[in-house]
Amino acid sequence: MHSHFMASHDLSSLVAQSLAESSFIQLTLSRPTAAAAAIRKVTAKLIEIKAGPRVQFTFAEATRETHRNATFDEASAEVRALFETSFQEANLFLATADVTFKRRNDGSLDVASRKPSKPAALPVLHNRGKQYLIPDGVPCPFLIEIGVMTREGQVRAAKYDKFRQVNRFLELVNDVLPELPQDGVLRVVDFGCGKSYLTFALHHLLTVIHQRDVEIVGLDLKRDVMSHCESVARKLDCRGLTFRVGDIAAHETSDPVHLTVSLHACDVATDAALLKAIGWGTQVILAVPCCQHEFASKMSRELLPPLQRHGILRERFASLATDAYRALLLERNGYRTQVIEFIDMEHTPKNLMLRAIRQPLSSQRAAELDVEIAAFRKSLGLQNATLALGTQSVR
């Protein structure tokens, strides 16, 4: 028992003090009263968002979890209100001690402390570069739902690769957020979203971590998969996230699209997604192509024969050539384009992402790119081939 805890029975003051001293790790409120309604438990942990450090409150009900982020001042007030009206027990985990507050039948408090049981808080406030945007140990509803995390927030050992992939994807998106509108609703289309765990990750990044309003559409041809994703989105109360059955080329929208995502759209479906994004004037395009077969069937066999003698080498060479060509055409259409490495488990150990950001294109640079594109096509023996992404600028 530590005397300075006995001297202060005020939970909210202790929360405020621990936040100020960077000793706060976690708070759990339990044993709900009737005033708590459907809420069974509340947990609070530190997170870091663009606006700075925040305390994230997670409100656990029987079938869903909701989240609210608070500044440090707001957090202590929230704790005071919750503990005074809705919960009878609080467990505060600090770097220096574990402190338990229990309300007796007569309304008085029993306060006890013991040695700290949890490791010090993740150093998100001091060393962000080494921390995942979704950290291990912090419950994340969509990762719990898809089986990557336990309900306590621990990443399952067998799912750690997927956990790393989700965070790598979020890092790549996070890097381009300054290129997107800083106010209002962010509109996103995810082409060929499939099971959509990265779509849910994107929603989490934008709405929970960055507190943005969104309209995210996940599009795929598989009706049963889209129906399942829609039910998960409703269960997790993912506001602004919808899933639709449809073809990439046929999808239309009257609103501006700020971010277009295409992850593993097979073969020329990637080109259809890029064409659609270019036509919309999308500010940022993220595409991870797969199964690039078109060039493999059309490239001249006389080009580097030793490289094309072996099927697997020919396929890989064709894939690289296809993505190089896509990067050229994106630049020709007014996008600053990077080809970067992206962790992927479904098709190859590692994969490539095209990350394109819209920017003005001078007429001189456009002319240079036209020459470069023509020369590249000629070197591959593709002068007369009709490719899905076209032989010249779309816009």
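In which sense do strand β1 (residues 24–32) and β5 pair, and over how many bridges? The two strands pair in the antiparallel sense, over seven bridges. The legends below refer to a predicted model.

**Figure 1. Overview of the predicted protein chain.** The model is predicted, and its protein chain of 395 residues contains 12 helices and 14 strands. Of these residues, 49% count as buried. The accessible surface of the chain amounts to about 19000 Å², and carbon and sulfur atoms account for 52% of that surface. Among contacts between residues at least 6 apart in sequence, 63% join residues at least 24 apart.

Figure 2. Strand β5 spans residues 87–94 and is mostly covered, with seven of its eight residues buried. Its antiparallel pairing with β1 (residues 24–32) runs over seven bridges, and within β5, F87 is the residue that stands opposite P32. Strand β5 also pairs in the antiparallel sense with strand β6 (residues 98–103), in this case over five bridges. A90 has F101 of β6 as its bridge partner.

**Figure 3. The stacked pair F191 and W280.** The structure holds eight aromatic pairs. One of them is formed by F191 and W280: the ring centres are 5.8 Å apart and the planes stand at 20°, so the pair is stacked, the cut-off for stacking being under 30 degrees. F191 belongs to strand β8 (residues 186–191) and W280 to helix α8 (residues 269–280), so the pair ties together parts that are 89 residues apart in sequence. F191 is buried, with a relative accessible area of 0%.

**Figure 4. The stacked pair Y325 and F376.** The rings of Y325 and F376 form a stacked aromatic pair, at 6.3 Å centre to centre and with 25° between the planes. The pair links distant parts of the chain, for Y325 lies in helix α11 (residues 311–332) and F376 in helix α12 (residues 363–380), 51 residues apart.

**Figure 5. An aromatic cluster and two charges placed over rings.** Y132, Y160 and F163 are linked into a cluster by ring pairs. K162 lies over the face of Y197, at 4.3 Å from the ring centre. R103 lies over the face of F83, and here the distance from the ring centre is 4.5 Å.

**Figure 6. Confidence along the chain.** The mean pLDDT of the protein chain is 85, and 88% of its residues reach 70 or more. Over residues 122–130 the pLDDT is below 50, and this stretch has 14 contacts in the model beyond near neighbours in sequence. The pLDDT is below 50 over residues 391–395 as well, where 15 contacts are found in the model beyond near neighbours in sequence.

Key
Residues numbered from 1 in each chain as written. Predicted model: local features only at pLDDT ≥ 70, side-chain atom pairs only at ≥ 80, totals over all residues. Heavy atoms only, no water. Buried < 20%, exposed > 50% of the residue type's maximum accessible area, 1.4 Å probe, protein only. Helix = DSSP H or I, 4+ residues; strand = E, 2+ residues; numbered from the N terminus. Pairing = 2+ DSSP bridges. Contact = heavy atoms within 4.5 Å. Areas by Shrake-Rupley, 256 points an atom, 1.4 Å probe, with all protein chains shown as cover. Phe/Tyr/Trp six-rings, centres within 6.5 Å; stacked < 30°, edge-to-face > 60°. Lys NZ or Arg CZ within 6 Å of the ring centre and 35° of its normal. pLDDT = per-residue confidence, 0-100.
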